[in-house]
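Subject: Structure for you to look at

Hello,

Here is the structure I promised to pass on. Please open it next to this email and follow along.

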Amino acid sequence: MERTWRWFGKKDKITLDMLRQIGVEGIVTALHEVPNGEVWTLEAIEEMKAYIAAHGLRWSIVESLPVCEDIKYGGAERDRLIENYKMSLANLGRAGVRTVCYNFMPVIDWIRTDLQHPWEDGTSSLYFDRIRFAYFDLCILQRDGAEKDYTDEELAKVVALGETISEAEKDELIDTIIVKTQGFVNGNIKEGDKNPVRIFKDLLSLYADIDRGALRENLRYFLAAIMPVCEAYNINMCIHPDDPPYQMLGLPRIVTSGEDIDWLLHAVDNPHNGLTFCAGSLSAGLQNDVPELARRFAQRTHFVHLRSTDVLPDGNFIEASHLGGRAHLIELIRIFEKERPDVPMRVDHGRLMLDDAEKGYNPGYSFHGRMLALAQVEGMMAVVKDELHGTL
Ligand code: DNO
């Protein structure tokens with residue numbers, strides 16, 4: 001597998017020179033400064049590509065070319081925005097950047113409640129706490145019908161939390177769930193936006209009439225519309241699974257399981273319609289046997305995210321070590337090294353360790369934590385390659 005790294009552009013505190021030193025071959029990035037829905041120009045793409053090449057690296061993957069909400073819920077602007085998306089894809093193709101990661105999660109991309117959940121060894125990781133999330137849903141958003149999504153026991157715990165949570169903790173929860181984890185991935189809400197809860201509730205209301213079936217049809221419509229451009233420019237689209245892979249906030253989520261992936265790959269049965277195999281996201285759903293999914297979908301996987309989670313008995317989940325957890329990365333590496341030896345892979349998320357916490361990196365995207373994970377993954381890759389080809 002190609003060793004890639006998610007880099008957030010020239011403003012990233014982690015420089016391309018640093019990445020060369022740690023064995024990165026390919027860069028995963030986006031034109032983060034272009035507002036969602038606007039066309040990525042050929043000039044801007046070529047400028048980014050040349051900057052990366054000047055540092056001895058290549059631009060391997062776009063993560064992400066964001067899909068606007070209008071396309072997801074089928075709003076009035078859908079066709080115009082799809083035309084813009086096609087123009088961006090064509091420009092990427094002209095520049096020779098041919099793998100594009102995107103997601104089709106309504107309103108909110110990945111969801112976590114804690115950015116610095118402490119580990120015993122002094123490091124910290126991302127975390128999802130179901131009761132704190134339920135508190136956000138029930139007591140901060142005050143979403144209609146939210147109680148139906150939680151058990152009586154969970155509702156009682158939310159009431160108990162309400163008695164102790166401080167205003168600062170409430171603000172932090174809002175900031176984590178809908179601002180800090182979203183802004184930097186070109187989400188709907190950015191740092192500094194006034195009244196994020198209001199914006200968020202307005203966004204949720206766009207999906208009042210959209211169920212899983214309707215969202216699937218909108219994904220099919222989008223993919224069918226862009227496939228001719230993907231064929232013309234040999235671009236592989238790779239959809240990112242929902243993180244975590246289950247229904248939340250009354251929103252439909254449609255990339256949660258083998259059945260969902262099977263549906264979307266068949267709905268538009270074209271090799272350019274493929275998958276980002278995000279092992280971490282898939283592993284957070286107990287319905288998923290991650291190596292089994294890798295075996296099933298390796299041929300339509302164009303990009304791999306190596307990360308793992310542990311799901312705890314109360315429905316919480318924690319980002320595990322890359323050497324542990326439900327994703328079983330060593331088995332995934334065996335599968336992909338055999339089936340798709342050239343597929344790009346990036347380590348996904350890392351713990352905060354050493355001086356990472358002081359640097360203000362984007363949540364999940366620490367330097368030392370990811371570097372440690374990359375070293376672990378490289379070690380596993382070397383062993384697997386030796387098993388397969390006796391190359392060492
Ligand atoms: C979070 C990321 C996601 C991912 C998008 C892809 O860490 O894995 O934000 O980049 O969902 O579109």
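A search of the whole structure finds 34 salt bridges. A salt bridge here is a side-chain nitrogen of Lys or Arg within 4 Å of a carboxyl oxygen of Asp or Glu. Side chains of opposite charge can pair when their charged atoms come close. One of the pairs is R130 with E154, whose closest N and O atoms are 2.6 Å apart. This pair links distant parts of the chain, 24 residues apart. R130 sits in helix α5 (residues 130-141), and E154 in helix α6 (residues 152-164). Helices are DSSP runs of H or I with at least four residues, strands are runs of E with at least two, and both are numbered from the N terminus.

Some ground rules. This is a predicted model, where local features need pLDDT of at least 70 and side-chain atom pairs count only at pLDDT 80 or more, while totals for chains, interfaces and linings use all residues. Residues are numbered from 1 along each chain as its sequence is written, and side-chain values use heavy atoms, leaving out hydrogens and water.

Now the domains. Domain 1 covers 2-110 + 211-309 + 329-388, and domain 2 covers 114-205. These bounds come from an automatic or database domain assignment. The C-alpha centres of the two domains lie 25 Å apart. In domain 1, 24 residues are in contact (heavy atoms within 4.5 Å) with 28 residues of domain 2. About 2200 Å² is buried between the domains, and carbon and sulfur atoms give 63% of that area. Buried area is the accessible area (1.4 Å probe) that two parts lose on being put together, summed over both. V107, L249 and R351 supply 30% of the area that domain 1 buries against domain 2, more than any other three residues.

How many salt bridges does the rule find across this interface? One. R351 also forms a salt bridge with D121, with the closest N and O atoms 3.2 Å apart.

Next, a helix pair. Helix α9 (residues 212-233) packs against helix α10 (residues 258-267) at an angle of about 40°, with the axes 10 Å apart. Axes are lines fitted to C-alpha atoms, for helices over the stretch in contact, and angles run from 0 to 180 degrees between N-to-C directions. From α9, R212, R216, E217, L219 and R220 meet E259, D260, W263, L264 and A267 of α10.

Last, the backbone. Which bond type joins E63 to S64? The peptide bond is cis, with omega near -5°. S64 is in the loop between β3 (58-63) and α3 (69-73). D243 and P244 are also joined by a cis peptide bond, with omega about -5°. P244 lies in the loop between β7 (236-240) and α10.

Best wishes
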